[in-house]
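Here are a few exercises to work through with the structure open beside you. Try each task before you read its solution.

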Amino acid sequence: MVFISGFTLFLHAQRIKIYSVFQLIETGKYEEAKTVIDEVIGDKKTLNWPRTWYAKGLLCQTAYQDGIKKNDKKKYEMYPDQLYLAYESYQKALSLDKGGRYESLLAPAYVLLANDFQGLGERHFAGKKYDDALRAFENALEVMQSPFLSVKIDSNLIYNTAVAAYESQKWEKAIEHLGRLHEEAYSANSSHLLYSAYMETGDTASAEKVLVEAVEHYKDNEEMVLLLADLVFRLGDTERVITILDDASSKDTSVYIYPYTKGLVYQKTGQYKEAIEAYEKAHALAPGESKIYTNIGICYNNIGVEIDANARTITNNRAFLEEKAKSTAAFESAILWLEKALKMDEDNQTVIKKLYQLYKILNITDKLEIIEGKVR
């Protein structure tokens, strides 16, 4: 009886200690509360009380919040990884709680805890500590997904988590989080990042699928169309690239970039006449774009070079002269467009060097002397 009575008194005393922790937390006496709770946790008899761990979690979280608010390192670094310890302590309390009483008690604390983790992640991200940011954001997500919380997860939190994973080059995690956002059509940027993450892993099939869906999700988004065209071009399907660009151009006839890109595709594949036609359509829509003039000039130059190369294989003098006349005409057209480009961008070395070569080929000495001093 004496033993039982003594043990009961001991447990009662320990309970009083735990209750005192809540009073100490409320009055901001965190170090005193820490001393008491560490002593209670150190005793095997009270180690498995859910209230013990709830008290420790509350201490860690409250001191952390107060420390962040007041920029007091002693408070928010009272324990190593204090915010994570708060979450671990709360989870321990839930695991020991057989009656489910602590779920309703912890619900408001968990909402605040998720905000705390998100704030921590944002600070780490601003400091370019992407691994730490990812850890914090993932914990915020985990907290928000607790079964006793009925709040909807903020898509911005998922995005932050995804970007931290991307910057950390944790491609699997980045794809997981960005995939959720892509399905919701959250933003063109998130879909772009998902495409890039798949490309980093070498999964071009999934990357292409993302871009095809993104073109549908985000109407009139030039970037998605151009990314898809670029990927398909790299995969070697030139005809499909042209179809993609023609479809986009038919939906928005005012955008010059689609016929311009079509011109680039034709130019890269050596189809210079088709390239010029596409560039001319782009020029009609955007006459102030110097790169259009430059590329038309380069296409005419390349046509002239091809004709010249063919002429050297001809033995018939008349046929040879006819081909040389054609090449000269192509070179003259090239000069016409390149000189216009140079007026718009006077320090463009690509244009300057190309004109210098053409003036030499056609022996235009007066212009050659002028432009020679501009070559760097």
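## Exercise 1: Helix α3

Helix α3 is mostly covered, with 15 of its 21 residues buried. The model you are looking at is a predicted one.

**Task.** Find how far helix α3 reaches from its first C-alpha to its last, and look at what follows the helix.

**Solution.** Start with the limits: α3 runs over residues 50–70. Next, take the span between the first C-alpha and the last, which comes to 30 Å. This is close to the 30 Å expected at 1.5 Å a residue. Finally, step just past the helix, where Asn-71 takes a positive phi of about 55 degrees.

## Exercise 2: How α2 meets α3

**Task.** Decide whether α2 and α3 are roughly parallel or roughly antiparallel, then describe their contact.

**Solution.** Two packed helices are described by the angle between their axes and the distance between the axes. Here the axes of α2 (residues 30–41) and α3 cross at roughly 155 degrees and come within 10 Å. Angles over 145 degrees count as roughly antiparallel, so α2 and α3 are roughly antiparallel to each other. The crossing in which α2 passes α3 is left-handed.

Now list the contact residues. On the α2 side they are Tyr-30, Ala-33, Lys-34, Ile-37, Asp-38, Val-40 and Ile-41. On the α3 side they are Thr-52, Trp-53, Ala-55, Lys-56, Leu-59, Thr-62, Ala-63 and Asp-66. Sorted by class, the contact of α2 with α3 has nine nonpolar, two polar and four charged residues.

## Exercise 3: How α10 meets α11

**Solution.** Helix α10 (residues 188–200) packs against helix α11 (residues 204–217) at an angle of about 165 degrees, and the axes are 8 Å apart. That angle makes α10 roughly antiparallel to α11. Its passage across α11 is a left-handed crossing.

For the contact, α10 supplies Ser-191, Leu-194, Tyr-195, Tyr-198 and Met-199. Their partners in α11 are Thr-204, Ser-206, Ala-207, Val-210, Leu-211 and Ala-214. By class, the contact of α10 with α11 has eight nonpolar residues, three polar ones and no charged ones.

## Exercise 4: Two C-alpha separations

**Task.** How many Å separate the C-alpha atoms of Arg-312 and Lys-324, and how many separate those of Lys-343 and Ala-174?

**Solution.** Begin with Arg-312, in the loop between α16 (290–311) and α17 (317–344). Arg-312 is exposed, at 64% relative accessible area. Lys-324 is 12 residues from Arg-312 along the chain, and their C-alpha atoms are 9.3 Å apart.

For the second pair, go to Lys-343 in helix α17. Lys-343 counts as exposed, at 70% relative accessibility. Along the chain, Lys-343 and Ala-174 are 169 residues apart, and 47 Å separates their C-alpha atoms.

Terms used:
Residues numbered from 1 in each chain as written. Predicted model: local features only at pLDDT ≥ 70, side-chain atom pairs only at ≥ 80, totals over all residues. Heavy atoms only, no water. Helix = DSSP H or I, 4+ residues; strand = E, 2+ residues; numbered from the N terminus. Expected span 1.5 Å × (residues − 1). Buried < 20%, exposed > 50% of the residue type's maximum accessible area, 1.4 Å probe, protein only. Axes fitted to C-alpha atoms, helices over the stretch in contact; angles between N-to-C directions. Parallel < 35°, antiparallel > 145°, perpendicular 65-115°, else oblique. Left-handed = near helix turned anticlockwise from the far one by under 90°. Contact = heavy atoms within 4.5 Å. Nonpolar A, V, L, I, M, F, W, Y, C, P; charged D, E, K, R; others polar.
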